[in-house]
Amino acid sequence: MPDYGQIQVGAGTLDARLVLGLAFILFLLGALGVLVRRNPIVILVCIELMLNAANLTLITFAAQLHNLEGQLFALMTMTVAAAEAVVGLAILVDIFRVRDVEDVDELSELKG
Amino acid sequence: MIVPQIVFWVMAVIAVLGGLGVIASRQPVRSVLSLVAVMLALSVIFLLLSAQFVFAVQVIVYAGAVMVLFLFVVALLGPMGEGTSHHLRFHWGLSIVVVAVLGAFMYAQLQGIGFRAPDKLDTTFFGTVEQIGTGLFTTYLYPFELTSILLLVAAVGAIYLSRGGRTASEVRRQEEAHAEEDNVA
């Protein structure tokens with residue numbers, strides 16, 4: 001049985017497991033950043049990092065399966081990421097108009 | 001041919017170092033610039049995986065437009081530090097435990113991964129603009145149109161949020177002005 005995990009790249013091959021491992025590391029770095037960093041902008045940046053890692057897995061499986069759906073879904077993910085960044089940054093700018101926030105825990109007025 | 005592997009490893013190292021830079025930088029602007037490095041490295045890997053159109057979109061839209069928006073906001077808000085108040089005890093420890101558990105689950109899934117056979121073996125014209133366009137405008141027309149509505153909603157929402165909210169004193173002044181107008185009438 002052939003190893004379907006090997007992706008043809010030009011004349012050579014690339015192991016899909018390596019690429020998935022890279023996506024795995026990047027996603028965990030993003031998750032760690034969201035949890036430990038306090039600055040709201042950095043948290044948004046870490047969310048973008050996680051979305052990029054997810055995109056990488058989609059592209060990897062699209063290449064491994066020779067199926068375009070993964071790439072199309074990656075494009076949709078980019079749209080969602082752009083929308084999320086725009087709205088998130090607009091909310092941040094709106095908050096910073098009133099006061100400086102260096103710690104997301106300061107924004108707890110809505111807590112019951 | 002070992003070239004794809006070399007390119008992959010170089011870009012993977014850049015991406016991981018950039019990812020470390022994102023979470024370790026004290027200044028938000030350095031985090032944003034590290035993320036740009038990650039995105040450019042990933043775009044090269046996309047190209048390796050025969051996703052030419054996604055590569056172009058990643059460089060132009062993501063690393064270009066979205067990250068410039070981030071830089072704009074960072075520049076607008078000025079230099080910022082990192083909050084030091086920790087309302088949660090053992091914040092670092094708990095975060096690392098959560099990430100370690102998540103990582104252990106994902107690692108376990110990666111161990112037993114099995115790949116099924118590719119759908120078709122012809123990869124000559126895979127991931128080109130033509131193929132992406134055909135997919136977006138035939139099979140996936142409905143989700144494609146939905147993303148346009150999503151972008152419209154996001155744009156309207158961003159304009160609404162950033163239209164310049166009135167501060168409390170401005171509201172009071174305007175109410176007084178209205179009251180005077182009423183008196184005149």
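User: Helices here are DSSP runs of H or I with at least four residues, strands are runs of E with at least two, and both are numbered from the N terminus. Where does Ala75(B) lie, then?

Analyst: Ala75(B) sits in helix α3 of chain B. Keep in mind that this is a predicted model, where local features need pLDDT of at least 70, side-chain atom pairs count only at pLDDT 80 or more, and totals for chains, interfaces and linings use all residues. Residues are numbered from 1 along each chain as its sequence is written, while chains are lettered from A and ligands numbered from 1 in the order in which they are written.

User: Is Ala75(B) buried or exposed?

Analyst: Ala75(B) counts as exposed because it has 11 C-beta neighbours inside 10 Å. The cut-offs, with C-beta atoms placed from the backbone, are 20 or more other C-beta atoms within 10 Å for buried, 12 or fewer for exposed, and anything in between for partly exposed.

User: How far is Ala75(B) from Ala155(B)?

Analyst: Their C-alpha atoms are separated by 21 Å, and the two residues are 80 residues apart along the chain.

User: OK, tell me about α3(B). What span should it have, and what does it have?

Analyst: Its 26 residues should span 38 Å at 1.5 Å a residue, and the end C-alpha atoms are 36 Å apart, which agrees. The expected span is 1.5 Å times one less than the number of residues.

User: Where is the kink in α3(B) centred?

Analyst: On Gln58(B), with a kink of about 35°. The bend at a residue is the angle between axes fitted to the seven residues ending there and the seven starting there. Gln58(B) is also one of the buried residues of α3(B), which include Phe53(B), Tyr62(B) and Phe70(B).

User: What covers those buried residues?

Analyst: The cover includes α2 and α3 of chain A, along with α2 and α5 (129-137) of chain B. After α3(B) comes Gly78(B), with a positive phi near 80°.

User: Zooming out, how many helices and strands does chain B have?

Analyst: Chain B has 7 helices and 0 strands. Of its 185 residues, 24% are buried.

User: And which domains is chain B divided into?

Analyst: Domain 1 (1-79) and domain 2 (128-185), with bounds that come from an automatic or database domain assignment. The C-alpha centres of those two domains lie 29 Å apart.

User: Switching to the A–B contact. How many residues does each chain put in?

Analyst: Chain A gives 72 residues and chain B gives 77 residues. Two residues are in contact if their C-beta atoms, placed from the backbone, lie within 7 Å.

User: Which element of chain A gives the most?

Analyst: α3(A), with 22 residues on the side of chain A that touches chain B. That side divides into 48 nonpolar, 14 polar and 10 charged residues. Nonpolar means Ala, Val, Leu, Ile, Met, Phe, Trp, Tyr, Cys and Pro, charged means Asp, Glu, Lys and Arg, and the others, Gly among them, are polar.

User: What about the largest nonpolar core, how many residues are in it?

Analyst: It has 72 residues, and those with the most contacts inside it are Val45(A), Ile59(A) and Ile45(B). A nonpolar core is a set of buried Ala, Val, Leu, Ile, Met, Phe, Trp, Tyr and Cys residues joined through C-beta atoms within 7 Å. α2(A) brings the largest share of this core, 14 residues. Domain 1 (1-79) and domain 2 (128-185) of chain B both contribute residues, so this core lies between them.

User: Which residues does Val45(A) touch?

Analyst: Leaving out residues up to four places away in sequence, Val45(A) touches Val22(B), Ser31(B), Val32(B), Leu35(B) and Phe70(B).

User: And how many residues of α2(A) are buried?

Analyst: 20 of its 26, so α2(A) is mostly covered. From first C-alpha to last, α2(A) reaches 38 Å, close to the 38 Å expected.

User: What follows α2(A)?

Analyst: His66(A), in the loop between α2 and α3 of chain A. Its phi is near 50°, a positive value in a residue other than glycine. His66(A) is partly exposed because 18 other C-beta atoms lie within 10 Å.

User: And where is Ser50(B)?

Analyst: Ser50(B) is in the loop between α2 and α3 of chain B, and its phi is positive too, near 50°. Ser50(B) is buried, since 23 other C-beta atoms lie within 10 Å.
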